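Please read the following report alongside the sequence and the model. It takes up a sheet, a helix and a group of aromatic rings in turn.

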Amino acid sequence: MPPGNPASNPFVTSPTYLMACQQLRNVARAISLDPGLTDRLMTPKRSQVVAIPVRMEDGRTETFVGYRVQHSLTSGPSKGGLRYAKNVDLGEVAALAMWMSWKCGIMNLPFGGAKGGIAVDPAELKGGEKERLTRRFTDEIQNIIGPRVDVMAPDMGTDEQTMAWIYDTYSMKVGYACPEIVTGKPVELGGCVGRKEATGRGVVYCITEAFNELDIRPETATAVVQGFGNVGSVTCEELVKLGVKVVAVGDRYGSIRNARGIDIPQLLNYAARNPRKTIVGFPGAEAIPDAELLTTPCTVLVPAALERVITAENAGQLRCRVLAEAANGPTDPEADAIISNSDIFVIPDILCNAGGVTVSYFEWVQDLAQFMWDEEEVNSQLKKQMLRAFHRVRAEAKARNFGNRLAALSLGVQKVATEKQKRGLYP
């Protein structure tokens, strides 16, 4: 359980936050972390909940609830995405912020973790509603963000246009152009080439290293990908380039399968033309129940959508050799215990999907220096950082007889904990 009185803790109603706390407790026991420091790491540094009144296209005013949680400011400014999702809540955002701290730690980035969210289904917003929602949210949290305080990025339901609106709103408030306030923005506004594809590319760099360790040739491998948004679609594209056959894909509307392999370029074109941007109805594959997607036999399974989709109920039915967690927190602790007793090679989320925040760091550095890199440099540095982190995790796992998840978490947690210890406790 998290520290303090559970009745007064605003996060404990969230199963995602409790899952993040359980992971931290497991790490603390494994590395003998001081209990007082563990409690500090379990409690976010700062949380803000705001009301966001928006004038809708039909003339009425609707009020949404937004969140920004900064888990840690010890290592530098906090860093993390902003998601628009119907069921997002404070606890979920707090958990994602905590995981971002460990992710920045494992990648050795000078950031702490943060996350934001607005409880809204972006697909239901019309006309200028999304822009007005974004600008008002930015105004409401202006007091706790800044290029040396907290830097946002895209996440589920947001994109580079969302970041452009945040950049503009913040800049209008401070009176000068401040591109370093967000990352993942359009290249024309100081965004980094390759940032949009960075998370998916990082996932595939990790998969390639896992294949090398397991002596799997990509051209003999198959993949199943849950999620066909920015991360899932790029992951599919990059896997196909390696010769991997993608046999099943799912999105929020449904799942499809073709044992001979799905034509990913055609699927991308189909989804782009579809009014709902969905893969459902694609003529080059058959529809399957969503429950069958994760249990489809494959070499590598890539959950690239939501948290806690692999549970005790389906973990024993997974038929993959590699589990590459492109989403945040897709495997709950009960499922993790089941998988640890199998031969599945797990690439944990805080390592597997760290490519996004890594290239966000590159973008932030370029904006601060006002000196931009070309895409070759970005991709070269991303691959270098991802492979370095992958091999650090594997070395830690082997040296301490840890699973990959515990090894990755221990590296991330230990970095933040060490920095807190060395800085001391104020006052």
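What is the order of the strands in the open sheet of five strands? The order is β1-β2-β4-β3-β5, and the pairing is mixed. This is a predicted model, in which local features need pLDDT of at least 70 and side-chain atom pairs count only at pLDDT 80 or more, while totals for chains, interfaces and linings use all residues. Residues are numbered from 1 along each chain as its sequence is written, and side-chain values use heavy atoms, with hydrogens and water left out.

**The sheet and its helix**

Strands (E, at least two residues) and helices (H or I, at least four) are DSSP runs numbered from the N terminus, and two strands pair if DSSP finds at least two bridges between them. The edge strands, each pairing on one side only, are β1 (46–55) and β5 (150–154). Neighbouring strands of this sheet are turned by 25° against each other on average, direction ignored; such angles run from 0 to 180 degrees between N-to-C directions, with axes fitted to C-alpha atoms, for helices over the stretch in contact. Strands β3 (residues 78–85) and β4 (residues 112–119) run parallel and are joined by six bridges, and K79 has G113 in β4 as its bridge partner. Helix α4 (residues 129–140) packs on the sheet, where it touches β1, β2 (61–70), β3, β4 and β5, and its direction makes about 140° with that of β1; contact means heavy atoms within 4.5 Å.

**Helix α7**

Helix α7 (residues 230–242) has 13 residues and reaches 19 Å from its first C-alpha to its last, close to the 18 Å expected at 1.5 Å a residue, where the expected span is 1.5 Å times one less than the number of residues. Its buried residues include G232, V234 and L239, buried meaning under 20% relative accessible area, exposed over 50% and partly exposed in between, with a 1.4 Å probe and protein chains only. The buried residues of α7 pack against elements including α6 (195–214), β7 (245–251) and α8 (264–273). Just after α7, G243 takes a positive phi of about 100°.

**Aromatic rings**

Eight aromatic pairs are found in the whole structure. Rings of Phe, Tyr and Trp (its six-membered ring) pair if their centres lie within 6.5 Å, with planes under 30 degrees apart counted as stacked, over 60 as edge-to-face and the rest as tilted. Y361 and F362 form a tilted pair, 6.2 Å centre to centre with 55° between the planes. Ring pairs link F111, Y361, F362, W364 and W373 into a cluster.

| Residue | Relative accessible area | Class |
|---|---|---|
| Y361 | 23% | partly exposed |
| F362 | 4% | buried |
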